[in-house]
Amino acid sequence: MTATTATHNLLTDNPELYEARFPDRDRVAGRWTEDCLRRHGAGPRVLDMGCGTGRDAAHLHGAGRTVTGADVSEAMLAHARHHHPGPAYVHADVHGFDLGRGAFDAVVCLDSALLYCHTNDQLDAFLSSVRHALAPGGILVAEMRNGAYFLGRTDLLDTPVVHSFTWQGTGYRSRTTLTVDRTAQLLRRTRLWTAGDDAQPVEQRSAWRLLFPQELRHLLTAHGFDVLELHDGPGPRTDLPWQEGELPGSTTDADRLHLVARRGPAH
């Protein structure tokens with residue numbers, strides 16, 4: 001059976017399916033983020049950039065923060081408003097946004113959302129937008145894949161990984177292959193979806209920018225940020241997920257990268 005190539009994304013177009021595929025019942029991502037914000041004394045106004053289904057934004061709201069969730073997917077935003085109320089949800093693009101100068105005490109960007117900035121211009125636009133959005137001394141918290149992991153390692157590359165799960169009585173199967181585009185410095189993902197027994201397979205393609213720890217540190221410094229933490233775990237998506245009370249590590253070698261940076265004074 002020949003696969004068709006989708007122009008949309010099955011998971012982001014179907015937020016309930018996304019949550020079924022990537023459950024976070026214990027809200028590890030939200031709790032880890034709140035721990036970072038609390039340890040570094042962040043104020044109450046938080047922007048969750050790339051908020052997706054709104055689970056993490058709602059957790060931060062429940063922790064007593066005034067939260068705005070922003071995403072480019074209208075389907076995700078509609079789901080978040082209905083299923084995870086509390087935060088304000090707005091449409092905004094990680095490639096550049098303006099939600100008010102100094103309107104937030106913290107900007108959160110989880111689950112590799114920052115890495116959808118594929119080019120240097122897009123990365124600069126994102127960091128400029130974050131700096132504009134943060135009050136002086138505000139905090140940026142980000143979590144993403146670690147480009148350094150793929151230096152000499154191929155265990156996650158080229159060999160398809162299969163996941164299966166059932167949602168609303170239908171069986172879904174994904175076959176995902178990762179490849180490295182060294183010229184573009186991108187981690188490319190090809191995912192083949194099948195739903196049910198007779199459905200036509202659907203192929204979807206996406207990519208993340210591969211950022212290396214020292215490269216990321218340089219970019220942040222150039223945009224007027226002081227890097228407070230940069231490490232590979234523990235975090236919400238590490239092999240051994242973060243647990244309450246765990247402090248950040250000191251290495252940047254594993255698959256995930258965790259960042260906390262503070263906006264410096266105007267310059």
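## Terms and model

A residue counts as exposed when its relative accessible area is over 50%, and as buried when that area is under 20%. The model described here is predicted.

The face of H7 turned away from its buried side carries exposed residues: Gln-214, His-218, Thr-221 and Ala-222. The buried residues of H7 include Pro-213, Leu-216, Leu-219 and Leu-220. These four cover an arc of only 125° around the axis, so they sit on the same side of H7. An α-helix has 3.6 residues a turn, so residues three or four places apart point the same way.

What covers the buried residues of H7? The cover includes H6, S6, S11 and S12. After H7 comes Gly-224, with a positive phi near 85°.

## The sheet

Seven strands form an open sheet with mixed pairing. Their order is S4-S3-S2-S5-S6-S12-S11. S4 (88-91) and S11 are the edge strands, and each pairs on one side only. From one strand to the next, the twist averages 20°.

S3 (residues 66-71) and S4 run parallel, joined by four bridges. Gly-69 stands opposite Tyr-89 in S4. Helix H5 (residues 74-83) lies across S3 and S4, at about 170° to S4. H7 also packs on the sheet, where it touches S6, S11 and S12. The direction of H7 makes about 160° with that of S11.

## Nonpolar cores

The largest nonpolar core has 38 residues. Met-49, Leu-114 and Phe-126 have the most contacts inside it. Several elements each supply at least two residues of this core, among them S2 (45-49), S5 (104-109), H7 (213-222) and S12 (256-263). H6 gives the most, with five residues. In soluble globular proteins, nonpolar side chains tend to be buried together.

Leu-114 touches Cys-109, Leu-123, Phe-126, Ala-142, Met-144 and Leu-211, leaving aside residues up to four places away in sequence. A second, separate core has 22 residues, including Trp-32, Cys-36, Ala-42 and Val-141.

## His-40

Where does His-40 lie? His-40 is in the loop between helix H3 (28-39) and S2. Is His-40 buried or exposed? Its relative accessible area is 18%. The cut-off for buried is under 20%, so His-40 counts as buried.

The side chain of His-40 makes a polar contact with the side chain of Glu-229, at 2.7 Å. His-40 also touches Ile-139, Leu-228, Val-260 and Arg-262, among residues beyond four places away in sequence.

Definitions and conventions. Residues numbered from 1 in each chain as written. Predicted model: local features only at pLDDT ≥ 70, side-chain atom pairs only at ≥ 80, totals over all residues. Heavy atoms only, no water. Core = buried A, V, L, I, M, F, W, Y, C linked by side-chain atoms within 4.5 Å. Buried < 20%, exposed > 50% of the residue type's maximum accessible area, 1.4 Å probe, protein only. Contact = heavy atoms within 4.5 Å. Polar contact = N/O pair within 3.5 Å; in protein donor to acceptor, adjacent residues only side chain to side chain. Arc of directions from axis to C-beta. Pairing = 2+ DSSP bridges. Axes fitted to C-alpha atoms, helices over the stretch in contact; angles between N-to-C directions.
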